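Q: I have a structure open and would like to go through it piece by piece. Can we start with whatever you pick?

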Amino acid sequence: MQPFDVHRGLVVPLDRPNVDTDQIIPKQFLKRIERTGFGDFLFYHWRFRPDGTPDPAFVLNDPAYRGATVLLARENFGSGSSREHAAWALRDYGFRAVLAPSFADIFYNNAVKNGLLPAQLSAEAVDALFARAEDGPYWVTIDLAAQTVALDDGTTYAFRIHPEHRRRLLAGEDDIGVTERYLAAIKAYERTHPLPPLAP
């Protein structure tokens, strides 16, 4: 998994609360058997009209936000079903971080597992970042070690993240990587607890 240390990225403002996982990646696209390719269907019903053409009114279709890697959202982002595909779709599209005042628990954990930073800022900080977006596109620098989001003018906001999740993202460590940290203990246990013989 790609480590997350310091990331500078263009911010795209999604000014909607309670964005659920079915809005992030609709259920009809969950049939894929690999983790890639979901970015094409991210926010599908908002990005595209019923005839399949892009909806110019949706913020991700604004050319000014092409290449954005930081998603700014409102409260309770990632609510709804537990589908990990939501995190896959955001990462596959190119997002490295989501800035929001609160996240649904399961989405938050799925994001960390997939190298997507769920940075929890105060409601006041999120309001200020949305207000900044009214002046046009802007970039931020996210420093995970310092737990800060900084604008180019020096304005800086602190964000919260669980210490273990912060460590894992800094190390680029997924669930398998966590298990591998205990390989010596696992092997020692296996040596002293051999498998019983198979029944005849």
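A: Let's start with Phe 95, which has a relative accessibility of 0% and therefore counts as buried. Keep in mind that this is a predicted model.

Q: Which residue does Phe 95 form an aromatic pair with?

A: Phe 95 pairs with Tyr 93, and the two rings are stacked, at 5.4 Å centre to centre with 20° between the planes.

Q: And is Tyr 93 buried or partly exposed?

A: Tyr 93 is partly exposed, because its relative accessibility is 29% and buried means under 20%.

Q: How many aromatic pairs are there?

A: The count is 13 aromatic pairs. One of them is Phe 77 with Phe 107: the ring centres are 5.3 Å apart and the planes stand at 75°, so this pair is edge-to-face.

Q: Where in the chain do those two sit?

A: Phe 77 is in the loop between β2 and α3, and Phe 107 is in helix α4.

Q: Which rings are linked into a cluster?

A: Phe 29, Phe 41, Tyr 44 and Phe 48 are linked into a cluster by ring pairs.

Q: What lies over the face of Trp 46?

A: Arg 16 does, at 4.1 Å from the ring centre.

Q: Changing topic to strands. Which way do the side chains of β3 point?

A: From β3, Ala 97 and Leu 99 point one way, while Val 98 and Ala 100 point the other way. All of these are buried.

Q: How many bridges join β2 to β3?

A: There are 3 bridges, and β2 and β3 run parallel. Leu 72 has Leu 99 in β3 as its bridge partner. Between these strands the chain passes through α3, and this β-α-β crossover is right-handed.

Q: What about β3 and β4, parallel or antiparallel?

A: Strand β3 (residues 97–100) and strand β4 (residues 117–120) run parallel, joined by 4 bridges. On the β4 side, Leu 117 is the bridge partner of Ala 97, and Gln 120 is the bridge partner of Ala 100. Together with helix α4 (residues 105–113), β3 and β4 make a right-handed β-α-β unit.

Q: And β5, which of its side chains are buried?

A: Val 140 and Ile 142 are buried and point to one face of β5.

Q: Which way does β1 run against β5, parallel or antiparallel?

A: Strand β1 (residues 6–13) and β5 run antiparallel, with 5 bridges joining them. Gly 9 has Val 140 as its bridge partner in β5.

Q: How many bridges do β5 and β6 pair over?

A: They pair over 4 bridges, in the antiparallel sense. Thr 141 has Ala 150 in β6 as its bridge partner. The two strands form a hairpin with 4 residues between them.

Q: Where is Asn 76, and what is its phi?

A: Asn 76 lies in the loop between β2 (70–72) and α3 (85–93). Its phi is near 60°, again a positive value in a residue other than glycine. Asn 76 is partly exposed, because its relative accessible area is 27%.

Methods:
Residues are numbered from 1 along each chain as its sequence is written. This is a predicted model: local features need pLDDT of at least 70, side-chain atom pairs count only at pLDDT 80 or more; totals for chains, interfaces and linings use all residues. Side-chain values use heavy atoms; hydrogens and water are left out. Buried means under 20% relative accessible area, exposed over 50%, partly exposed in between (1.4 Å probe, protein chains only). Two strands pair if DSSP finds at least two bridges between them. A crossover is right-handed if, with the strands pointing away from the viewer, the path from the first strand over the helix to the second runs clockwise. Rings of Phe, Tyr and Trp (its six-membered ring) pair if their centres lie within 6.5 Å; planes under 30 degrees apart count as stacked, over 60 as edge-to-face and the rest as tilted. A charge sits over a ring if NZ of Lys or CZ of Arg is within 6 Å of the ring centre and within 35 degrees of the ring normal.
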